[in-house]
Amino acid sequence: MKKIPSFGSRLRNNIVTVPEVIDQCSGIRVFGQLLKSFLFSTDVAIIRNTNASAIIAVYPFTPQPLITHSLILASDKPIFCGVGGGITTGERCVELALHAEFQGALGVVLNKPTPNDLIQLLKSKIDIPVTITIVSEKDDIKGRIAAGVDIFNVSGATKTADIIKKIRDLDQNIAILATGGKNEDDILMAIEAGANAISYTPPSTSVLFKDIMIKYRAE
């Protein structure tokens, strides 16, 4: 394997790096960009300081265009934005997805409760990938595929690999993004089960600060 030239700086040597094992997955190519690692975060400071290929920005509140705009403006990576699908549904969800596309999002992410007819409607309205979150083997995977979903975002905790295998039994070619779990073994299990890309949850800002503060206190 050829050595990859690497460049950094004394000011930007402390970044959130995703596990190298993620490089073993195939990646998902979106508009020519090959994406293997997705950082799961809405923290602008962390988003600006990571080597992940892309960002998956989903949060447990009603999606707001200002938040989407701020994340896209701040990021130097492609962003997949959450646009609802549960409480926020119907025309409002479509408008949020259109806004995300117009602002520069590379994809949108829908929550688990999203009805299949909303997926079909979104596919007719936007020109970026539609991603649906899957949390259980009992989810309507066939219906999602029939509705035209582009990417499955599998977040099934210890069942993640099993869910991926079920999706692969139904469709060998559809794109799958999966949570990586807590260690490299979990990531490898997801990749071996058929995941094309992995999402990684970074440590919190307080955890990242810990080592720095220990150093400062020792000076």
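Tutor: Start with a cut-off: a residue is buried when its relative accessible area is under 20%, and exposed when that area is over 50%. Anything in between is partly exposed. Keep in mind that the model is a predicted one.

Now take helix α4, residues 116-125. Which of its residues are buried? L118, I119 and L122 are. Look down the axis of α4: the buried residues fall within an arc of 105 degrees, so they line one face of the helix. There is a general rule behind such patterns. An α-helix has 3.6 residues a turn, so residues three or four places apart point the same way.

What covers the buried residues of α4? The cover includes two helices, α3 (90-103) and α5 (141-147). It also includes two strands, β6 (107-110) and β7 (130-134).

Zoom in on one residue. L122 sits in helix α4. Its relative accessible area is 0%, so L122 counts as buried. Set aside the neighbours within four places in sequence, and L122 is in contact with C93, V94, A97, L110 and V130. L122 and V149 are 27 residues apart in sequence, and their C-alpha atoms are 9.4 Å apart.

Step back to the loop between β6 and α4. P115 is found there. Is P115 buried or partly exposed? Its relative accessibility is 33%, so P115 counts as partly exposed. Leave out residues up to four places away in sequence, and P115 touches G85, T89 and R144. For a sense of distance, take D23. D23 and P115 are 92 residues apart along the chain, with 34 Å between their C-alpha atoms.

Now follow the strands. β6 and β7 belong to a closed barrel of 8 strands, with parallel pairing. The order is β3-β4-β5-β6-β7-β8-β9-β10. From one strand to the next, the twist averages 25 degrees. In general, strands of a sheet pair through backbone hydrogen bonds, either parallel or antiparallel.

Begin with β7. This strand runs parallel to β8 (residues 151-154), and 4 bridges join the two. Across that pairing, I132 stands opposite F152 in β8.

Go on to β10. Strand β3 (residues 37-40) pairs with β10 (residues 197-200) in the parallel sense, over 3 bridges. There, F38 is opposite S199. Strand β9 (residues 175-179) also runs parallel to β10, again with 3 bridges. L177 has A197 of β10 as its bridge partner. How does the chain get from β9 to β10? It passes through helix α7 (residues 184-193), in a β-α-β crossover that is right-handed.

Finish with α7 and a helix that packs against it. The partner is α6 (residues 160-170). Their axes lie 8 Å apart, at an angle of about 10 degrees. That makes α6 roughly parallel to α7. From α6, the contact is made by A161, I164, K165 and R168. From α7, M189, A190 and A193 take part.

Key: Residues numbered from 1 in each chain as written. Predicted model: local features only at pLDDT ≥ 70, side-chain atom pairs only at ≥ 80, totals over all residues. Heavy atoms only, no water. Pairing = 2+ DSSP bridges. Right-handed = clockwise from strand over helix to strand, strands pointing away. Buried < 20%, exposed > 50% of the residue type's maximum accessible area, 1.4 Å probe, protein only. Arc of directions from axis to C-beta. Contact = heavy atoms within 4.5 Å. Axes fitted to C-alpha atoms, helices over the stretch in contact; angles between N-to-C directions. Parallel < 35°, antiparallel > 145°, perpendicular 65-115°, else oblique.
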